[in-house]
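Open the model in your viewer and keep the selection tool at hand.

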Amino acid sequence: MDLKNFIGGEWVDNNLQTMPIINPATGDQLGTIPLSTKTEIDAAVNAAKKAQKHWALVPAPKRADYLYEIGFKLKEKKEYLAQVLTREMGKVIEEARGEVQEGIDMALYMAGEGRRLFGETTPSELANKFAMSVRAPIGVVGLITPWNFPIAIATWKAFPALVAGNTFVWKPSNETPMMAYELAKIFEEVDLPKGVANIVFGTGPTIGTAMVEHPDIRVISFTGSTATGSKVAELGGKHLKKLSLEMGGKNAVIVMDDADLDLAVEGIVWSAFGTAGQRCTACSRVIVHSSVKKVLEDKLLTAMERITIGDGLDPHVKVGPVINRAALEKINHYVGIGNQEGATLLTGGRILTEAPLDRGFYFEPTVFTDVNADMIIAQEEIFGPVISIIEVANLDEAIAVNNSVRFGLSSSIFSRDVNTIFKAQQLLDTGIVYVNAGTTGAEIHLPFGGTKGTGNGHRDSGQAALDVYTEWKSIYVDYSGTLQRAQIDT
Ligand code: UN1
């Protein structure tokens, strides 16, 4: 299908150049997207700005009614959307269903916010004076989303923005535009007022830059690579934008000597090789107590024999392709570095070229062991099905290794000792900590984000997301009939 931009509630075709949408499992072309320019961004921002004046005045519970309807539509179309998602992104069908569910959850959760959006009331220091704070919408927000969770991450950003009274211009990833198109169709079906939601397809350097520079876009919410996020930060900083940035991870599972090793292996396999390792939250390092290292490795290798690789539409397949050829080459490059650095390749390490896998972009699930915490493969984000096993002598060392990377998204510890667990959750320097589970699987009603180089202090999801899309407004109502001066007439 040849997709069009969705601007001001219309499908706009400006006869632009196009680029293909490719199914990473098969190499088949699924359609095309237009390569938009600043002109389309300007049109989308104008539409969003016009619509926002009205949208901001719609009572929040009424705005929320649209989100309920969107949530119900997502639910109705869940299976269809999951199939489209697998086709364009490659994740296995069970995970695609889970991702659509995440979007449904977010719609209903943020719809509930329509009747909360709590502010504060607090006593004034003066008599006959009332003091309160409310959340006010900001205006037009710009959303830039990645391909690895094309619908979930979009909903994390779009729905809090909408319920709070903003309108948006959204640039989805070029790799996964069909999810954006499907969401736009749902916006149409629920009669979301025209211009409230706008979608423009194109490249980051052209339209992403135009969004960040646009004077009428007040907030940019970005999830993607650290390299691109840094550029957004630099340019956005120059233009005094409010920026919410969610970037890389180098997440670790810690396995202590008292852990349930079978459970730990399940957690590692799921969080390292699920989504072919292409989650910001994916497990990329395993930090293991020396006394259980060998047993853990043996169990891990046995479990990995059961991993079936292929087209994610086949329900038996556990690991699908990576997103494109460049990703395949990047992962392969890191495996080469691991070998050069002297890590031991325990299993995997190859681009899979046997038919029919040669048509798509498949990398073998890969484990390096005897990895030093400061090796490149243990420090940089690989974003593929590759893990590094690092041996440690005790909990303090495990925590130090976990915290030694520049990122701080997610971490996990397997242990049965309450003291170990509580000490770890306190000292692990990540935005998300799991106990006796892998590093993935965040739920939408808690804050999602990370410390250090993972972000810039903001969070998606949960109540925290509202802070990105609202300004605090403090209101003082003096009903004394006299001029009362704060700090003076008290
Ligand atoms: C991401 O990889 O950017 O916690 C998002 C998880 C999912 C979301 C991941 N709920 O793994």
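Predicted model: local features only at pLDDT ≥ 70, side-chain atom pairs only at ≥ 80, totals over all residues.

A polar contact here is a pair of N or O atoms within 3.5 Å.

**Stop one: the ligand**

Select the ligand and show the residues around it: Glu102, Asn148, Phe149, Ile153, Trp156, Arg279, Cys280, Thr281, Thr440, Gly441, Ala442 and Phe448.

Pick Arg279. An N or O atom of its side chain sits 2.8 Å from a ligand oxygen. Move to Gly441. Here a backbone N or O atom lies 3.1 Å from an oxygen atom of the ligand. Now take Glu102. A polar atom of its side chain is 3.1 Å from a ligand nitrogen.

**Stop two: helix α9**

Select residues 261-273, which form α9. Check its length. At 1.5 Å a residue, these 13 residues should span 18 Å, and the end C-alpha atoms are 18 Å apart, so the two agree.

Go to the N-terminal end. Asp260 caps it, with a side-chain oxygen 3.2 Å from the backbone nitrogen of Asp262.

Next, color the buried residues of α9: Leu261, Ala264, Val265, Gly267, Ile268, Val269, Ser271, Ala272 and Phe273. What do they pack against? Show strands β12 (251-255), β13 (283-289), β15 (366-369), β16 (386-392) and β18 (410-414), plus helix α10 (293-304).

Finish just after α9. Thr275 has a positive phi there, about 55 degrees.

Note on methods. Residues numbered from 1 in each chain as written. Heavy atoms only, no water. Helix = DSSP H or I, 4+ residues; strand = E, 2+ residues; numbered from the N terminus. Expected span 1.5 Å × (residues − 1). Buried < 20%, exposed > 50% of the residue type's maximum accessible area, 1.4 Å probe, protein only. Contact = heavy atoms within 4.5 Å. Polar contact = N/O pair within 3.5 Å; in protein donor to acceptor, adjacent residues only side chain to side chain. Near = heavy atom within 4 Å.
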